[in-house]
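Here's a friendly walk through a protein model for someone meeting it for the first time. Have a look at the sequence and the structure, then read on.

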Amino acid sequence: MSTCLKRAFWLLFLSSASTAMAMGDDDPMLAMVRIDRLEVGVGETHTPQRLEADAWLGHDLHKLWLKAELEREGGETESAEMQLQITRAIAPYWDLKLGWKRDFQPTPQKDWLAFGAQGLAPYFFETHAEFFLGASGRASFEFDAEYELLFTQRWILSPEVEFSLNGYNDESTGQGSGLSSAELGLRLRYEIRREFAPYIGVHWEKSFGNTASYKRREGADTSDTQLVVGLRAWF
């Protein structure tokens, strides 16, 4: 990440922190840790393990986030990333976010400036949209949306869609330009408590364009459907 991008991130962080401190006791500092997805998939040829978790610290308008995603398969880490973000509320249910992301796997490691928005779209779709800018003019975009359908106060069905686009080709990490991948998920969870909910579901993913070409060259599948079993929790 360039010096200018780092400077912009830290200026926003210091500005957010000073504003939050000035708000006093009327807006107390809160914190939360959430495991959004801790699951094992059962596919035709493999059983991947996934972890998606985040934690935040802050006030109503300003929060500092730490996010992590990890996927393992066959005893090896296929992908791993971490993000540090600052969010600022701009409207009811909507936040702008700015931060830094590091891709640890696949290698070589890469750093990105991340910016975007998150919130509740019409009809209560939980939505995340992020742009990433990296060295050598690299750019990518990720979007995901999730909806919660309550059968009862404890049984909840969650359909989800996610897709990624890249503005570059990188054979070393298997990322191609254009539409790179799409994922669809359907998970049914049972909230033993609000903070603790096991789930079962199905997960489908597919690679497109040059990303699919790189996978075929390595003898990997470009599409996969898995049954999943997992846990969702927050503290």
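## Strands that pair up

Two strands pair if DSSP finds at least two bridges between them. Helices (H or I, at least four residues) and strands (E, at least two) are themselves DSSP runs, numbered from the N terminus. With that in hand, take strand 4 and strand 5 (residues 94–105): they pair in the antiparallel sense over 11 bridges. Glu81 has Asp103 in strand 5 as its bridge partner. The hairpin of strand 4 and strand 5 has two residues between the strands, and Tyr93 there takes a positive phi near 75°.

Strand 4 (residues 76–91) also pairs with strand 3 (residues 62–73), again in the antiparallel sense, over 12 bridges. Here Lys63 sits opposite Thr87 in strand 4. Strand 3 and strand 4 make a hairpin with two residues between them, and Gly74 in the turn has a positive phi of about 60°.

## What kind of model this is

This is a predicted model, where local features need pLDDT of at least 70, side-chain atom pairs count only at pLDDT 80 or more, and totals for chains, interfaces and linings use all residues. Residues are numbered from 1 along each chain as its sequence is written, and side-chain values use heavy atoms, with hydrogens and water left out.

## The whole chain

How many helices and strands does the protein chain have? There are two helices and 13 strands. Of its 235 residues, 35% count as buried; buried means under 20% relative accessible area, exposed means over 50%, and partly exposed is in between (1.4 Å probe, protein chains only).

Contact here means heavy atoms within 4.5 Å. Among the contacts in the protein chain with a separation of 6 or more, 44% come from residues 24 or more positions apart. The chain's accessible surface comes to about 13,300 Å², and 62% of that belongs to carbon and sulfur atoms. Accessible areas come from the Shrake-Rupley method with a 1.4 Å probe, and for residues only the protein chains shown count as cover.

## Salt bridges

A search of the whole structure turns up 21 salt bridges, each being a side-chain nitrogen of Lys or Arg within 4 Å of a carboxyl oxygen of Asp or Glu. One of them joins the side chains of Glu205 and Arg50 (3.5 Å, N to O). This pair links distant parts of the chain, with Glu205 in strand 12 (residues 196–207) and Arg50 in strand 2 (residues 49–58), 155 residues apart. Why does Arg50 count as buried? Because its relative accessibility is 6%.

Another salt bridge brings together Arg232 and Glu146 (3.6 Å, N to O). Arg232 is in strand 13 (residues 223–234) and Glu146 in strand 8 (residues 139–146), 86 residues apart. Both Arg232 and Glu146 are buried. Then there's Arg189 with Glu148 (2.9 Å, N to O). Arg189 counts as buried at 7% relative accessibility, whereas Glu148 is partly exposed, with a relative accessible area of 31%. Salt bridges that share partners join Asp36, Glu146, Glu148, Arg189, Glu191, Arg194 and Arg232 into one network.

## Two residues up close

Leaving aside neighbours within four places in sequence, Gln118 is in contact with residues including Trp65, Thr87, Tyr93 and His128.

Lys215 is in helix 2 (residues 209–217) and counts as partly exposed at 28% relative accessibility. A polar contact of 3.3 Å joins the side chains of Lys215 and Ser207. Beyond neighbours within four places in sequence, Lys215 is in contact with Ser207, Ala220, Asp221 and Thr222. Lys215 and Gly174 are 41 residues apart in sequence and 7.0 Å apart in space, C-alpha to C-alpha.

Methods:
Polar contact = N/O pair within 3.5 Å; in protein donor to acceptor, adjacent residues only side chain to side chain.
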